[in-house]
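Please examine the sequence and the structure before reading on.

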Amino acid sequence: MTIYESLGVRRVINASATLTRLGGSLMPPPVVVAMAEASEAFIDLPELQRKVGERIAELTHNEAAFVTSGAAAGITASVAACIAGTDPALISAFPYLDGIERTEVIVWHSQRNGYDYAARQTGARLVTIGPEESELEEAISTRTACILWFAGAHYARDAMPIEEVVAIAHDRGVPVIVDAAAQVPPISSLWHFTRDVGVDVAIFSGGKGIRGPQSSGLVLGRAVLIDACRANSSPNQTIGRPMKVGKEELAGLLAAVEWSLAQDEAAVIDGYEQSVRLWLDGISGIPGVQAERGYPSEAGQPHGRAIVRFGPDCPLTRDQIVDALWERDPRIAVGVIGDIGIALNPQTLEPGEDAVVLDALRTVLVG
């Protein structure tokens, strides 16, 4: 009996996305082995953090890397790094920031989302701007600690392209932080934003496309800011102390990065597209149902999804269909689109689960 069975918790077939509430992603065997091995000995945790960071930086073509307890923790650590650096007096000033001038973080109004709370919890004030270049230039002042930009197609509207942001910010001596939590695939995102675009820090979830521990995140970028992230984080008695990263997560994330870099990404994405075609072919012809390939994914990743909409001729509403799939055993989770649609995402499925999802959806719709 598994731990889930013993607790009466149903498994979920995840055709939605790498959502935290569903457990992120599934770790491949080498990651589980690495975490188990790490659990068998005591070590010097700061030394392990440094060594893991050095190895990940080398693998991802970055100056430096730092492992956090998730991408949101990476935002907190990075903003704290921009505000306080490694100065003990400034580090101890959080969250009131008494005596610190650089306490503002510039963000785009169109990119405001629940994750910017991770920046606000430092005590920093968010300065919200619109899409015009002049608004960014006017917002930058001696109070600006950094600029926070969220990656992904769903955040691109009414925000400046990151290349233009970097050019203006660096001309004024202001660091740029990119939250790229869900931007793997492509795996090249791990160096695209930092090495190719020139941002100062890029942040990724360890438990999404990288397939590492869910409670892990990755901060990549300039060594001076990574050093400051480290100074503002656990095990130091700082604002990041509650965001603890254990030896198991450190080992697991390193193994996940190594595993991800070794995959044939083109073949993986082709497998996703085969699942989408299976769904579209299998749903075709059902009365009141329209299905099409959506591209890119909900986070702007380079693979398709099946977008399914239910019209007046469908005997069930969209919400009834979502609920019926969720109440099965195992549960089936799908994404929600607008008022009448769902999205089927292949990224988080295990082999054969695409057919299970199709059979379940057809059963709900036609019996």
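Q: How many nonpolar, polar and charged residues are in the lining of the largest pocket?
A: In this predicted model, the largest pocket has a volume of about 1,200 Å³. Its lining comprises 41 residues, with Ser25, Leu26, Thr348, Leu349 and Glu350 nearest the centre. Divided by class, the lining has 17 nonpolar, 14 polar and 10 charged residues.

Q: Which element gives the largest share of the lining of the second largest pocket?
A: The second largest pocket has a volume of about 720 Å³. The elements that contribute two or more residues to its lining are α4 (71-84), α8 (153-156) and β11 (331-337). The largest share, 4 residues, comes from β11.

Q: Which residue in β6 stands opposite Phe150?
A: Strand β5 (residues 144-150) is mostly covered, with 7 of its 7 residues buried. β5 pairs in the parallel sense with strand β3 (residues 104-108) over 3 bridges, and with strand β6 (residues 176-179), also in the parallel sense, over 4 bridges. Within β6, the residue opposite Phe150 is Asp179.

Q: Is Val176 buried or exposed, and what is its relative accessible area?
A: Val176 is found in strand β6. Beyond its neighbours within four places in sequence, Val176 is in contact with residues including Ile147, Ile162, Val165 and Val201. A residue counts as buried under 20% relative accessible area. Val176 is therefore buried, its relative accessible area being 0%.

Technical notes:
Residues are numbered from 1 along each chain as its sequence is written. This is a predicted model: local features need pLDDT of at least 70, side-chain atom pairs count only at pLDDT 80 or more; totals for chains, interfaces and linings use all residues. Side-chain values use heavy atoms; hydrogens and water are left out. Buried means under 20% relative accessible area, exposed over 50%, partly exposed in between (1.4 Å probe, protein chains only). Two strands pair if DSSP finds at least two bridges between them. Contact means heavy atoms within 4.5 Å. On a 1 Å grid over the protein atoms alone, a cavity is a set of points where a 1.4 Å probe fits but cannot get out, and a pocket is an open set with protein on both sides within 12 Å along at least five of seven lines; lining residues have an atom within 4 Å of a point. Grid points are joined across faces, edges and corners, and a volume is the space filled by probe spheres set on the points. Ala, Val, Leu, Ile, Met, Phe, Trp, Tyr, Cys and Pro count as nonpolar, Asp, Glu, Lys and Arg as charged, and the others, Gly among them, as polar.
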